[in-house]
Amino acid sequence: MKSPCRPFGLILSGLFTMSLALPCPALELEPRQWSHLPVGTNFAGAGYAYTRADISFDPVLLIENAEMDLHTLAGKYIRTFGLFGKSGRIDLVQAYQDGKWSGL
């Protein structure tokens, strides 16, 4: 025979468990992403990076003299607009990367 207090006990234990949850802060990768921008404005940007490096592997893999050349190109476009009396924005970001790896 089931106890009439069982559903109440389950609800009470569920609420107690949820009350123990702690906030989980997140890392903001782009600090000013949510700052206000003037409505009706366009922003564009581009970046290029060249990387040349020696690569170290675990000696068990028997890979020697490993090197890489890496070309990275990125472009970004932002359009701000007004919507229901609030400011909004659309970000378009595209990156391209080309690399060459060599070694023995």
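User: Hi! Which residue in E2 is the bridge partner of Ala44?
Analyst: Tyr77 is the bridge partner of Ala44. Strands here are DSSP runs of E with at least two residues, numbered from the N terminus. A quick note on the source: this is a predicted model, where local features need pLDDT of at least 70, side-chain atom pairs count only at pLDDT 80 or more, and totals for chains, interfaces and linings use all residues. Residues are numbered from 1 along each chain as its sequence is written, and side-chain values use heavy atoms, with hydrogens and water left out.

User: Thanks! How many bridges are there between E1 and E2?
Analyst: There are 13, and the pairing of E1 (residues 42–54) with E2 (residues 67–83) is antiparallel. Two strands count as paired if DSSP finds at least two bridges between them.

User: And how many bridges join E2 to E3?
Analyst: 17 bridges join them, and E3 (residues 86–102) also runs antiparallel to E2. Within E3, Ile90 stands opposite Arg79.

User: What do E2 and E3 form together?
Analyst: They make a hairpin, with two residues between the strands. Phe84 sits in that turn and has a positive phi of about 55 degrees.

User: Is Phe84 buried or exposed?
Analyst: Exposed, at 80% relative accessibility. The cut-offs are under 20% relative accessible area for buried, over 50% for exposed and partly exposed in between, with a 1.4 Å probe and protein chains only.

Technical notes: Helix = DSSP H or I, 4+ residues; strand = E, 2+ residues; numbered from the N terminus.
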